[in-house]
Amino acid sequence: MDKSAMPAAFSSHHDWYMSTLSSLSSPDGFSPLHLYTYNHVMDGFSAVLSQAHHDQLHELLGQLATYPETIGHLHTTRAPTFLGLKKHSGLWPAGGFGEDMIIGVLDSGIWLESESFNDEGLPPNISKTNDYDSPRDFLGHGSHTSSIAAGCSAVGAEYFGYAKGKAIGMAPKARIAMYKVLFFDESYDAAATDVLAGLDQTIEDGVDVLSLSLGFFETPFDENPIAIGAFAALKKGIFVSCSAGNNGPHAYTILNGAPWITTVELTVTGKSVYPENLFVSDVPIYFGHGNRTKELCEIYSLDPEEVAGKYIFCDFDSSGQTNAYAQIDEIDTAGAAGAIFSSSEGPFFRPTDFFKPFVLVNPKYGDLVKHYIINSNNATVSIRFQTTLLGTKPAPQFCNNIDDDDYLLTDYALESGTSMSCPHAAGIATLLKAAHRDWSSAAIRSAMMTTAEVFDNANGRIIDMTTGVAGTPLDFGAGHINPNKAMDPGLVYDIEIQDYINYLCGLNYTSKQIRTITGMRQFNCDSATLDLNYPSFIILLNNTSTTGTTFQRELTNVAEGSSVYRAVVRAPSGMKAVVQPAIITFAGKYSKAKFQLTVEIDVGVGSIPESDYFGNYGFLSWYEVNGKHQVTSPI
């Protein structure tokens, strides 16, 4: 609604909206039903309307736009150590462990009795039990994401014996404000009206950071409730972290892609999560050697009289006709006690898949097992379950799948997916904001991006789990967050509100669309551009043999004292990149310097078909002369 069009007779916009709804005629006998009035994310309201009501609204003074309801979807103990957070040095103490910061979480609610929310022994305070009135978590998703962002130290956390250790959040002294936007029904989905209401309340309450592990199908920004709400939060200095969705790493699958949102992913892998403390010692192992259907454990291939009560080895099917899920069904139907599967699918199995004591080994090790069985007169096997391997390589890897657990009851769960990466980033952003109270959301995001790691712990490029080959910036983004480096990035790419408006103008959004997104009546598009001051560079090719683009950027020094930086470009064959000036100087803290990057591409040279990617990429790094800082962006 256009606030300026409110008649003087009304004392508040809410009264105006209610009067507007009551003035609508209802030829079908069903009156309009008001749901929410929004004060921050937009000037307007949500309501249940008939088509007749909708048509009448369009004729009324002050109505700018209407949008149909849309539905959004929901997209670990070792994480702080894995990310390099330490108790006595680095970002944790520098950020006061997030003390006095408030993280607003929009999710399925929270279960305060969890040890992760045991705040110095204070009892939980939830009096209402009705799902729509209570913040009580009906699903577990919200409790999990909240504990990752800011959970207290919980000693002895485990998942049926796996991953035993101390569970602790990224910002353990921060406060959690839970805004329940998902409710118990058969869908496990979130309505846009509820998400907007939650976002509106977070701004009213004054949270410092927002974490949303959910997303809506990508639409123009003015039709996306998270994009709209996040822009309103941006104007209040609130950092917004969102999940990217779980349909990757294939092309064109990212959600929450607005540039004023920080969008993230993370994953963990395992080979068996059978939930019993079981040690199988020297039991005979069955392998249908000589009969290929039995070797592969194909459907109806195993004789129950041969395999009942035994452990079975199922070979890898390189043709792809029989997968591990089908093999599991077959060994279960035949009455086997357990199994070893030679399979490349191990990292993608969910905890709920391990309903029998079986182990998945990759085909390389599967061939060794097969060789042992074939060449032994009485082959036996020993398996120890509930063993967690730390320091595995390579790590991290990316694959936007999600693990969940809906039939085993435990205080802590093993889950993967961007829902879990989002609160990690939100917690780290909380620490950064606590350490640097004057940083904008864009500066925080820039610090996390330009100091991120693109190599795994085996010193190779982060790989795509689905293909096994090196990923690219279109897969892993800027890279894997390094919290301690992000605390002291040297330089940042900052972005002002007007910069985002110039970007929306460059996207050819109408004045009405820009007003809906930004909530601003007064703006202009005199400086429209698609070249946002963002810490990465992308060139879109238009079926030409060569193409060139020049980017304009501005860097801000956030370190103490003066400094000099030198540009270094790592460009592959077929890409030529030139930085001008190649050396930039900063007189002191908060001083700025501009540069331009000109990139020319020969699309016929050096194109790499890596990881569902067609094109090429390089990196621009600014190295501090006689200093320690390195500021890197993907091209």
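Contact here means heavy atoms within 4.5 Å. With that in hand, here are some notes on this predicted model.

1. Let's start with Asn482, which touches Thr451 and Glu453 when residues up to four places away in sequence are left out. With Glu453 there is also a side-chain to side-chain polar contact of 2.9 Å. Asn482 lies in the loop between helix H14 (473-476) and helix H15 (483-486). Its relative accessibility is 15%, so Asn482 counts as buried, the cut-off being under 20%.

2. Helix H6 covers residues 192-205, and its 14 residues reach 20 Å from first C-alpha to last, close to the 20 Å expected at 1.5 Å a residue. H6 is largely enclosed by the rest of the structure, because 11 of its 14 residues are buried. Among them are Val195, Leu196, Leu199 and Ile203, along with Asp194 and Asp200.

3. A few backbone spots deserve a look on your screen. Most residues other than glycine have a negative phi, and most peptide bonds are trans. Phe97, not a glycine, has a positive phi of about 55°, and Asp100 has one of about 70°. Phe97 sits in the loop between helix H4 (91-94) and strand E4 (102-107), and Asp100 is also placed between H4 and E4. Phe97 counts as buried at 17% relative accessibility, whereas Asp100 is exposed at 63%.

4. Finally, please look at the peptide bond joining Gln580 and Pro581: it is cis, with omega about -10°. Pro581 belongs to the loop between strand E21 (575-580) and strand E22 (583-586).

Key:
Residues numbered from 1 in each chain as written. Predicted model: local features only at pLDDT ≥ 70, side-chain atom pairs only at ≥ 80, totals over all residues. Heavy atoms only, no water. Helix = DSSP H or I, 4+ residues; strand = E, 2+ residues; numbered from the N terminus. Expected span 1.5 Å × (residues − 1). Buried < 20%, exposed > 50% of the residue type's maximum accessible area, 1.4 Å probe, protein only. Polar contact = N/O pair within 3.5 Å; in protein donor to acceptor, adjacent residues only side chain to side chain.
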